[in-house]
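This report concerns a predicted model. Please read it alongside the sequence and coordinates.

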Amino acid sequence: MTTHLANPSPTEGFWLTRQYNRLTLRQRRTLMGYVFIAPFILGFLFWWLGPAAVAGYLTFHKWNFLAAPKFVGMANFSKMLGDPILAQSLKVTIVFSVISVPLGLVFAFFLANLINAKFRFIAIFRTIYFLPSIVPAVANAILWAWLFNTEFGLINYVIRAFGGPKIGWLQDPNWVMLAFVILTVWGVGGSMIIFLAGLQGIPQIFYEAAEIDGAGRWQRLLYVTLPMMSPIIFFNLVIGFINSFQVFVSALLITNGGPQRATLFLVLHIWRTAFSSQKMGYAAVLSWLLFAILMLLSFLVFRYIGSRVYYENPGD
Amino acid sequence: MGFNEKPAEYVESRRRPKSYGDIFFHWLTVFLLVFFAVVMITPFIWLLSSSLKTQINIFQYPPQLIPDPIVPENYVYALTYKPFGIYFRNTVLVAGLNVIAVVFTSSFCAYGFARMRFPGRDFWFGIVMATLFLPYAVLLVPSFIVFSRLGWVDTFLPLVVPPFFGGGAFNIFLMRQFFRTIPEEIADAARIDGCSEFGVYWRIMLPLSKPALITIGIFTFLFAWNDLIGPITYLRSPDNFTIAAGLASFRSQTDISWDLQLAASTAVTLPVILLFFLAQRYFIQGVVMTGLKG
């Protein structure tokens, strides 16, 4: 790991070079290490710690961008506790998360098992299943708004063709959540591919051994596939939860938070508080709230589910 | 790993006669594969077909699956109704700068994390991992305040400058994982020949990491192409809009012109799908690298 084999005389060269040459090997290594990671450290200070400090300052202030921030003490916090719109927004976000994440996980796992089959044209199926996940978010929102259109949408057409009722997907607060779950589950291609790679990484010999022991298809899934896949299931679960707390584009463009605030997801609520209502102080408090929720959620997931994960090669 | 490779483990390893259960299961799998393929692809077909309908035909029940007449002019109207040329130029500018930033700075930082040994390294890498799990929605409001103080609102700077500082935790993490698979002996050989640490990074590691660099480059480009929340937060004048922001404002202004909205959406989606078919391998590799090597 030596950077310079020859150590020139300390009197040669520019001042900086002389200073550098005076350092011990260990000091040089440390210096070089920090030079390499310096962009990240600076970025962390500028774009993470700085904004976080600003947010911390603003939580105690009222500020609409125009006048100077006004100190209001804990007013923003007490407002948060008695805010029915925030309560609604949290309810929407949590209900969506609790329904869509497990459902998406199961569906992605199921699809991954399907496309793990040995067929000649399997690559075509893999592509078809993956494509929905790369559709740009805005185009995706417009497409689904049209699919869920009450009068002329394809989904209601299919339902009515089978004799079902005309559903007000985007007008009825009771149905709109299901609509959002459906469009989310349609785009599970990313986690599906991660599952597929995991499935292909399970040594075939485990299945053969299980079969010799008399395990059926169901038992092989239960006692070989699931334990071997548990780290990947866990990973997809964590990513799924984090993503489910970030719904923004579809809520803004498909329903604009409605009907009756039934899709007022938390990030949309924060965004509107800051940029439509110009309440920067309160928006800063809500940002901290989102941060706290995500931290708590990660902690709970790692604490109660992470401990059940089976690692074939721990520490690898 | 690509879509077209045959799974290596599945070479005919057992030659047991097929039971009725196996045959049933085989056809059940085929049925489910086809069924879900139809479910997944129908929205695309519906998108394409609706985007080619006349305004009258689009509001028709029962809907036509194959439009009659086919109206490709929808695309011309949709893409000239708003200056999509300017949006496209803006998006390519932002995305291009982001790709350059991410490819160089994330690999630079990742080299430090992967190959240098110094006190504090693990602490800082812990911070990289912590920011990895924090979505940028959390920082949206506070960073907006910082950028507005800097006078950067309604310029591309808030979208373009931050990636030059480390290029994002996700990319640093990905590049670090990749660098760790390259044998250290190659770097040592270069050092003995008098190569500096920067030289090892620039002349040895970067050329050997092309697949990983292409992968993060593609992901960064797609992110910039798709991102809405950044552009609508920071960009004010329509001349600065990116494709995503332009399409979103197009939607709010042409509320019932579904034919035009869907034509514009198709036009925005097509380049992404094209990119996917050109660089399938890197897409899959990127997705898999995020999931498995953690």
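In chain B, the C-alpha centres of domain 1 and domain 2 are separated by 36 Å. The corresponding separation for domain 1 and domain 2 of chain A is 38 Å. Domain bounds are taken from an automatic or database domain assignment.

| Chain | Domain 1 | Domain 2 |
|---|---|---|
| Chain A | 15-58 | 78-308 |
| Chain B | 8-74 | 82-253 |

The model is a predicted one, in which local features need pLDDT of at least 70 and side-chain atom pairs count only at pLDDT 80 or more, while totals for chains, interfaces and linings use all residues. Residues are numbered from 1 along each chain as its sequence is written, and chains are lettered from A and ligands numbered from 1 in the order in which they are written.

The contact between the chains involves 77 residues from chain A and 83 residues from chain B; two residues are in contact if their C-beta atoms, placed from the backbone, lie within 7 Å. On the side of chain A that touches chain B, helix H2 (residues 25-58) of chain A gives the most, with 21 residues. Helices are DSSP runs (H or I, at least four residues), numbered from the N terminus.

Within chain B, the axes of helix H13 (residues 243-253) and helix H14 (residues 258-278) come within 10 Å and cross at roughly 170°. Axes are lines fitted to C-alpha atoms, for helices over the stretch in contact, with angles running from 0 to 180 degrees between N-to-C directions. H13(B) and H14(B) are therefore roughly antiparallel to each other, a term for angles over 145 degrees. H13(B) contributes B:Ile243, B:Leu247, B:Phe250 and B:Arg251 to this contact, and H14(B) contributes B:Gln261, B:Ala264, B:Ser265 and B:Val268.

Methods. Helix = DSSP H or I, 4+ residues; strand = E, 2+ residues; numbered from the N terminus. Parallel < 35°, antiparallel > 145°, perpendicular 65-115°, else oblique.
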